[in-house]
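Please load the coordinates in your viewer and keep the selection tool ready.

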2 protein chains.
Amino acid sequence: MDMKTPPEYPTIKDATMTVESGSAVSEPGRKLFRNYDVMHVTLRIVCLSASLASVIVMITAKQKSTLSLYGFDLPVYSKWSFSDSFDYLVGVSAAAGVHSLLQLLMTSRMLLKKSPIISSRKHAWLLFAGDQVFAYAMMSCGSAASGVTNLNRTGIKHSSLPNFCKPLHSFCDRVALSIAFAFFGCFLLAMSSVLDVVWLSEY
Amino acid sequence: MDMKTPPEYPTIKDATMTVESGSAVSEPGRKLFRNYDVMHVTLRIVCLSASLASVIVMITAKQKSTLSLYGFDLPVYSKWSFSDSFDYLVGVSAAAGVHSLLQLLMTSRMLLKKSPIISSRKHAWLLFAGDQVFAYAMMSCGSAASGVTNLNRTGIKHSSLPNFCKPLHSFCDRVALSIAFAFFGCFLLAMSSVLDVVWLSEY
């Protein structure tokens with residue numbers, strides 16, 4: 001009679017336990033994990049590169065020139081570290097790069113041990129929180145820097161000042177490139193956090 | 001004999017179905033839903049208020065003054081619409097306000113029908129996407145505006161210009177208040193998207 005009891009469906013908790021132990025995963029489940037892992041690692045590598053590129057392009061941005069203002073020839077020397085917003089961009093991009101590198105190292109260790117890269121729900125929530133915080137920070141630093149560089153480009157309207165980017169065009173172009181990399185990094189971190197939510201919602 | 005079969009555990013799919021139909025929810029489940037609904041509605045109302053406050057404080061920001069620059073007395077008239085970043089902040093805050101209002105109306109309709117405010121996984125994903133987009137947008141506009149206002153406050157270092165906020169302090173204070181409301185709105189939208197993830201991960 002015992003043999004004839006209906007097959008037990010896995011409960012929600014059982015499903016989590018299976019994922020956690022990482023042993024009794026079916027073949028399609030394993031394939032799904034592998035796709036997931038590949039996406040995760042790819043996003044981390046590209047994000048690390050974007051953050052690094054953003055930092056390097058920004059810290060090499062400096063230019064000397066002259067600006068004529070009401071008949072005066074003012075010497076203008078522009079360097080990234082003169083603007084708080086650009087400092088902020090370098091700081092945040094570097095931090096996001098370190099975050100990506102650490103996650104990449106932890107993921108590689110997990111993959112070498114052939115275990116799934118997210119070990120538990122708590123781990124997934126932590127990853128989600130980290131990715132969200134860095135995505136918001138990257139969005140913030142990119143926007144702050146582009147607000148400032150846009151002001152440099154268009155001049156300051158409320159006191160008829162000239163366009164700073166005319167004499168300093170190479171500086172402004174470098175800054176714009178660095179900002180573009182920061183926004184790209186933000187997008188990648190946002191995608192990472194969506195992947196974390198997919199994990200949380202599926203397992 | 002039928003009466004003695006072991007109690008059937010709900011499967012993952014069953015749990016989703018129960019939530020979707022909104023009929024056979026147990027008492028603790030119902031309480032959880034109610035707490036969830038209350039948090040959701042509260043967040044929406046506060047977010048709507050923050051966005052509105054941000055828009056209103058910004059569009060009433062204007063001031064006339066004079067600024068002495070190298071011995072010249074320049075007339076300075078500052079208005080929010082002179083800066084692209086401030087225009088951007090007003091646009092995004094208004095859009096986030098409309099988003100919150102629409103969500104609030106839809107939630108109220110659901111609550112009046114006594115059904116759960118999130119009807120399906122697709123709905124939860126849509127809400128998550130919307131909240132994320134507006135949270136990033138609010139972070140972006142707040143940062144862009146604060147980058148510009150910080151530049152106004154500290155002067156522009158690469159060409160020794162004076163502090164604009166000394167003659168225009170009331171304007172700068174209003175802008176700072178509006179930016180603070182925008183950041184608060186961003187925080188609330190981020191919390192809303194976390195609530196959406198909680199829903200996705202639990203049901």
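Helices (H or I, at least four residues) and strands (E, at least two) are DSSP runs, numbered from the N terminus. This is a predicted model, in which local features need pLDDT of at least 70 and side-chain atom pairs count only at pLDDT 80 or more, while totals for chains, interfaces and linings use all residues. Residues are numbered from 1 along each chain as its sequence is written, chains are lettered from A and ligands numbered from 1 in the order in which they are written, and side-chain values use heavy atoms, with hydrogens and water left out.

**Ser100(A)**

Select Ser100(A), which lies in helix α3 (residues 84-112) of chain A. Ser100(A) counts as buried because its relative accessibility is 0%; buried means under 20% relative accessible area, exposed over 50%, and partly exposed in between (1.4 Å probe, protein chains only). Which residues does Ser100(A) touch, not counting those up to four places away in sequence? Display Arg44(A), Cys47(A) and Leu48(A), contact being heavy atoms within 4.5 Å. From Ser100(A) to Cys47(A) the C-alpha distance is 6.7 Å, although 53 residues separate them in sequence.

**Annotated spans**

Next, colour residues 41-61, 88-112, 124-145 and 176-200 of chain A, which an unreviewed UniProt entry lists as "transmembrane region". UniProt positions are given in the numbering used here, feature names are shortened, and annotations may be inferred rather than shown by experiment. Residues 124-145 of chain A are 100% helix and 0% strand, with 31 Å between the end C-alpha atoms. For residues 176-200 of chain A, also 100% helix and 0% strand, the corresponding distance is 36 Å.

**Cysteines**

A disulfide is a covalent bond between the sulfur atoms of two cysteines. With the criterion of a pair of cysteine sulfur atoms within 2.5 Å, the whole structure contains zero disulfides over all chains. Select Cys141(A): its nearest cysteine sulfur, in Cys186(A), is 8.4 Å away. Cys141(A) is buried, since its relative accessibility is 0%. Then move to Cys186(B), whose sulfur is too far for a bond because the closest cysteine sulfur, in Cys141(B), is 8.5 Å away. At 4% relative accessibility, Cys186(B) is also buried.

**Nonpolar patch**

Finally, select Ile45(A), Val46(A), Phe184(A), Phe187(A) and Met191(A), which make a nonpolar surface patch of about 410 Å². Helices α2 (27-59) and α5 (169-202) of chain A each supply at least two of its residues, and α5(A) gives the most, with three. Phe184(A) lies in helix α5 of chain A and counts as partly exposed because its relative accessibility is 38%.

Patches are made of residues with over 30% relative accessible area and no salt bridge; like charges are joined within 9 Å, and nonpolar side chains (Val, Leu, Ile, Met, Phe, Trp, Tyr) within 5 Å. A salt bridge is a side-chain nitrogen of Lys or Arg within 4 Å of a carboxyl oxygen of Asp or Glu. Accessible areas come from the Shrake-Rupley method with a 1.4 Å probe, and for residues only the protein chains shown count as cover.
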